[in-house]
Amino acid sequence: MPGRQLQDRGGVHLLARTDLPTLQLHVVPADAPNYPGLDGPFSLADLPDGERVAHVDSAAEAQILDQASALVRPERRWERIRGEALPRGRTLDLLREAFVGLAASPR
C-alpha cells in the first residue's frame with residue numbers, strides 16, 4: 001500500500017520534529033462534531049520578521065493572505081479547531097502510539 005507507506009513516513013517525520021518550538025500538532029478526534037477544519041486545508045505562519053501570513057487552499061485556488069483584515073477568518077478558524085483538538089500531550093501520545101517503531105521497521 002504505497003499510500004499507507006507515505007502516510008507512515010510522514011507521521012515518523014512529524015514525530016521526530018515535535019521538539020521544535022515552531023511546530024504545533026493537534027489531533028482532532030474522529031468523533032468530533034463538524035468543525036471549521038473540514039472546509040479545506042490552511043496554514044498559519046509567523047515569519048522571522050514578525051509578519052503573520054496564511055496559506056488557504058480551496059478547490060478553485062490557493063491564496064496567500066498577509067493583510068491583518070484577511071487573517072481574521074483563518075485565525076478564528078484555527079482557534080475553533082484547537083477547541084475540538086486533543087491537548088498537546090495527548091496528541092503526542094497518539095502519534096507515538098501510531099508511529100514509534102515504524103522508522104526501524106521495513107515497509
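**Sheet.** I started with the strands: 3 of them form an open sheet in the order β1-β2-β3, with antiparallel pairing. β1 (42-46) and β3 (62-65) are the edge strands, each pairing on one side only. From one strand to the next the twist averages 15°. Helix α2 (residues 68-84) packs on this sheet and touches β1, β2 and β3, its direction making about 105° with that of β1.

**Ground rules.** I noted that this is a predicted model, where local features need pLDDT of at least 70 and side-chain atom pairs count only at pLDDT 80 or more, while totals for chains, interfaces and linings use all residues. Residues are numbered from 1 along each chain as its sequence is written, and side-chain values use heavy atoms, with hydrogens and water left out.

For my own reference, helices (H or I, at least four residues) and strands (E, at least two) are DSSP runs numbered from the N terminus. Two strands pair if DSSP finds at least two bridges between them. Axes are lines fitted to C-alpha atoms, for helices over the stretch in contact, and angles run from 0 to 180 degrees between N-to-C directions. Contact means heavy atoms within 4.5 Å.

**Pairings.** I looked up the bridges next. β1 and β2 (residues 52-57) are antiparallel over 5 bridges, and Asp 46 has Arg 52 in β2 as its bridge partner. These two strands form a hairpin with 5 residues between them, and Gly 50 in the turn has a positive phi of about 95°. β2 is joined to β3 by 4 bridges, also running antiparallel. Here Asp 57 stands opposite Ala 62 in β3, and the hairpin has 4 residues between its strands.

**Thr 91.** Then I went to helix α3 (residues 88-99), where Thr 91 is found. Is Thr 91 buried or exposed? Thr 91 is buried, at a relative accessible area of 0% (buried is under 20%, exposed over 50%, partly exposed in between, with a 1.4 Å probe and protein chains only). A polar atom of its side chain lies 3.0 Å from the backbone nitrogen of Val 27. Leaving aside neighbours within four places in sequence, I found Thr 91 in contact with Leu 25, His 26, Val 27 and Leu 86.

**Thr 22.** This threonine lies in the loop between α1 (2-16) and β1. Thr 22 counts as exposed because its relative accessibility is 74%. From Thr 22 to Ala 45 I get 9.1 Å, C-alpha to C-alpha, with 23 residues of separation in sequence.

**Whole chain.** Last, the totals. The protein has 3 helices and 3 strands, following the pattern α-β-β-β-α-α along the sequence. Of its 107 residues, 23% count as buried. Among contacts between residues at least 6 apart in sequence, 56% join residues at least 24 apart. The protein exposes about 7800 Å², of which carbon and sulfur atoms supply 53% (Shrake-Rupley method with a 1.4 Å probe; for residues, only the protein chains shown count as cover).

Key. Polar contact = N/O pair within 3.5 Å; in protein donor to acceptor, adjacent residues only side chain to side chain.
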